[in-house]
Amino acid sequence: MPNVSDSDIIKALSSVVDPASGRDVVSDGRIQGIHVQDGRVRFALAVRPGEGPEKEPLRQATEKAVAALPGVTGVTAVLTAERGEERQKPAPLDAPQKGDGIGKVKAIVAVASGKGGVGKSTTAVNLALGLKALGLKVGLLDTDIYGPSVPRLMGLSGKPKTDGKVLLPMENYGIKCMSMGFMVDEQTAMIWRGPMVVSAISQMLGDVAWGELDVLVLDLPPGTGDAQLTIAQRVPLTGAVIVSTPQDLALLDARRGLAMFEKVKVPTLGIIENMSTFVCPECGHESHIFGHGGARAEAETLGVDFLGEIPLHMAIRETSDAGTPIMVKDPSGPHAKAYLEIASKIAAKIGAGARRGPTISFS
Ligand code: ADP
């Protein structure tokens with residue numbers, strides 16, 4: 001299989017003309033950050049202020065042109081927004097690639113939900129901490145650009161630093177984190193459109209010094225719309241877990257989540273039932289406020305593994321709000337135990353159990 005070089009790629013891209021300007025995408029300075037690994041090519045197509053989704057056909061044309069080159073096994077082109085005031089000069093095409101991005105990330109696991117408010121982010125954060133407690137090197141990427149909550153949940157604020165080339169992830173509790181919440185205020189995030197979402201996420205994967213990780217946990221935006229589907233298609237996911245509450249409605253939504261991952265051939269590692277039982281903080285009595293066991297039964301019907309239940313408990317909400325997740329605040333308590341059990345099932349499923357970590361007893 002011939003090796004494809006940057007100059008082959010540039011040559012192929014020089015034949016792609018933007019009908020709006022009549023110029024080819026290379027001389028127009030739109031191509032950035034060409035990255036080739038094992039025949040897989042990745043690059044960004046710059047989108048200027050005032051331009052937007054109308055550049056999608058151009059993006060597709062660039063992918064097609066590069067895909068036709070001998071030795072190319074896959075192509076991902078992403079639309080990247082250039083900001084007006086601080087518009088950067090496109091990187092020289094022969095410049096070294098920016099960083100390893102997710103090159104040394106062994107597995108990426110998406111945490112999804114059929115709808116908002118089921119505790120997806122809370123679960124993603126505590127599972128990331130659970131995987132860390134099992135001795136794994138863990139990163140957490142918040143792809144929910146409409147309502148990023150990882151900074152708050154992980155007790156992080158401020159802006160990530162850069163080493164001049166790539167962004168350095170923020171870190172707390174031993175977990176490397178990146179979130180759109182660090183980059184833009186909510187006002188800005190809300191006007192973002194589909195292709196922008198994808199290019200932002202692609203940057204958070206590719207232009208961030210994730211370094212060596214056993215697993216990168218990806219907190220998906222809630223629901224199963226276009227943004228989620230595109231992320232599931234474009235990010236090389238190892239698998240997905242679906243968070244659901246026991247309510248029937250939520251379970252119907254969870255089915256949509258399953259169908260979405262099936263469509264893009266990402267394995268669903270299993271379903272988690274959140275807010276499962278209510279344990280009274282005063283007397284310890286268990287009540288089944290939303291019914292109970294629905295997710296387990298549903299998982300069985302659908303032939304998907306049931307990964308476990310997390311109770312509805314004040315302590316989980318309070319610790320989340322305070323930026324000290326329950327896995328940090330009370331690592332040997334019953335809730336942490338529930339998260340750890342699920343985390344160890346996930347670790348086993350993605351083959352990340354090999355690293356020797358502290359011994360965790362579930363008894
Ligand atoms: P989502 O990401 O699905 O929108 P969040 O993780 O933001 O949901 O959770 C929604 C709210 O529910 C938050 O206030 C969170 O603290 C709370 N919450 C999540 N899981 C639990 C739980 N098991 N027990 C109590 N509160 C929870």
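Visitor: What percentage of the accessible surface of the protein chain belongs to carbon and sulfur atoms?

Guide: This is a predicted model, in which local features need pLDDT of at least 70 and side-chain atom pairs count only at pLDDT 80 or more, while totals for chains, interfaces and linings use all residues. Residues are numbered from 1 along each chain as its sequence is written, and side-chain values use heavy atoms, with hydrogens and water left out. Accessible areas come from the Shrake-Rupley method with a 1.4 Å probe, and for residues only the protein chains shown count as cover. The accessible surface comes to about 16800 Å², and the part belonging to carbon and sulfur atoms is 52%.

Visitor: What percentage of the residues of the protein chain count as buried?

Guide: A residue is buried under 20% relative accessible area, exposed over 50% and partly exposed in between, with a 1.4 Å probe and protein chains only. Of the 363 residues of the protein chain, the buried ones make up 51%.

Visitor: How many helices and strands are there in the protein chain?

Guide: Helices (H or I, at least four residues) and strands (E, at least two) are DSSP runs, numbered from the N terminus. By this definition, the protein chain has 13 helices and 12 strands.

Visitor: Are helices H3 and H13 roughly parallel or roughly perpendicular to each other?

Guide: Axes are lines fitted to C-alpha atoms, for helices over the stretch in contact (heavy atoms within 4.5 Å), and angles run from 0 to 180 degrees between N-to-C directions. H3 (residues 120-133) and H13 (residues 334-349) pack at an angle of about 70°, with their axes 8 Å apart. Angles under 35 degrees count as roughly parallel, over 145 as roughly antiparallel, 65 to 115 as roughly perpendicular and the rest as oblique. H3 and H13 are therefore roughly perpendicular.

Visitor: Where is Asp-38, and is it buried or exposed?

Guide: Asp-38 lies in the loop between strand E1 (31-37) and strand E2 (40-47). Its phi is near 50°, a positive value in a residue other than glycine. Most residues other than glycine have a negative phi. With a relative accessibility of 73%, Asp-38 counts as exposed.

Visitor: What distance separates the C-alpha atoms of Ala-209 and Pro-169?

Guide: Ala-209 sits in the loop between helix H7 (194-206) and strand E8 (215-219). Leaving aside neighbours within four places in sequence, its contacts include Val-166, Pro-169 and Lys-176. Although Ala-209 and Pro-169 are 40 residues apart along the chain, their C-alpha atoms are separated by 6.6 Å.
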